[in-house]
Amino acid sequence: MNRRCVIFAGLPVAPELCEDIGPQDIIITADAGWKTARALGFFPALALGDFDTAPAPEGPDVLRLPAEKDDTDTFFAARRALETGCGEVLILGGIGGRLDHTLANICTLLFLEQHGVCAWLRSETAAVRVLLPGQYGFPAQKDVYVSLFPMNGDVHGLCLRGFRYPLENAVLRAASTLGTSNEFAAQEGYVSFTSGSLIYLQCRKDR
């Protein structure tokens, strides 16, 4: 069975997001993420970054990156995750703060999916995955909105089943907000499409 890699990015992480992290998971931290991981009781197999937001930890499993580079620290962590042969990646501490880094983390999800890895970006209020053509099933969650956004151009052949607003063989245009704020209407929601790529976003409803 493929192992999972958990990447701690630089933002705070709620303890409840870590409840299913176990010794079988590979922990990689990006920049200040090592401090968050340590505070939650996890010791990374690798801590990497340019460490511009926190000093580097002590120890042999540290990779110092240059401050001026083409990729973000979290993207470098994703590359290292691929090298472990993991089949799943969970990125924590990567939503919020600077908008450019949040968007870069969503681009990182696409990179991982293109390399055959199921990748999620999670926070207390949201869960994000990038989908490639195919069919996907998602267990219904209470009190969440489900939104779909084209990642790189129009999405064709889009079918939504098990949602309040279903679609059948639709085209989701990049210059459109049609996919915003759907809801589960069954125990499982199904998403399928034939071309393009989709940002799948579950966002907790405000109470």
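I call a residue buried when its relative accessible area is under 20%, exposed when it is over 50%, and partly exposed in between. One caveat before I start: this is a predicted model.

**Rings**

I began with Tyr 136, which has a relative accessible area of 14% and so counts as buried. Phe 138 is buried as well, at 4% relative accessibility.

Next I looked up the aromatic pairs, and the structure holds seven of them. One is Trp 120 with Tyr 200, an edge-to-face pair with 6.2 Å centre to centre and 85° between the planes. Trp 120 sits in strand β6 (residues 118-122) and Tyr 200 in strand β13 (residues 198-204), so this pair ties together parts that are 80 residues apart in sequence. I checked burial here too: Trp 120 and Tyr 200 are both buried.

Back to Tyr 136 and Phe 138: their ring centres are 6.5 Å apart and their planes are at 15°, so I log this pair as stacked. Ring pairs join Trp 120, Tyr 136, Phe 138 and Tyr 200 into a cluster.

**Charges over rings**

I then asked which ring the charged end of Arg 122 sits over. It is the ring of Trp 120, with the charged end of Arg 122 at 4.5 Å from the ring centre. I noted a second case in Lys 205, whose charged end sits over the ring of Tyr 145, 5.1 Å from its centre.

**Sheet**

I traced an open sheet of four strands, and its order reads β8-β12-β10-β11 with antiparallel pairing. At the edges I find β8 (134-139) and β11 (167-172); each has a single partner strand, so one side of each has no neighbour in the sheet. From one strand to the next, the twist averages 25°.

I followed β8 to its partner: β8 pairs with β12 (residues 188-193) in the antiparallel sense, over six bridges. Opposite Pro 139 I find Glu 188 in β12.

**Cysteines**

Cys 5 is buried, at 0% relative accessible area. For Cys 107, the closest cysteine sulfur belongs to Cys 118 at 18 Å, again too far for a bond. I have Cys 107 down as partly exposed, with a relative accessible area of 44%.

Note on methods. Residues numbered from 1 in each chain as written. Predicted model: local features only at pLDDT ≥ 70, side-chain atom pairs only at ≥ 80, totals over all residues. Heavy atoms only, no water. Buried < 20%, exposed > 50% of the residue type's maximum accessible area, 1.4 Å probe, protein only. Disulfide = S-S within 2.5 Å. Pairing = 2+ DSSP bridges. Helix = DSSP H or I, 4+ residues; strand = E, 2+ residues; numbered from the N terminus. Axes fitted to C-alpha atoms, helices over the stretch in contact; angles between N-to-C directions. Phe/Tyr/Trp six-rings, centres within 6.5 Å; stacked < 30°, edge-to-face > 60°. Lys NZ or Arg CZ within 6 Å of the ring centre and 35° of its normal.
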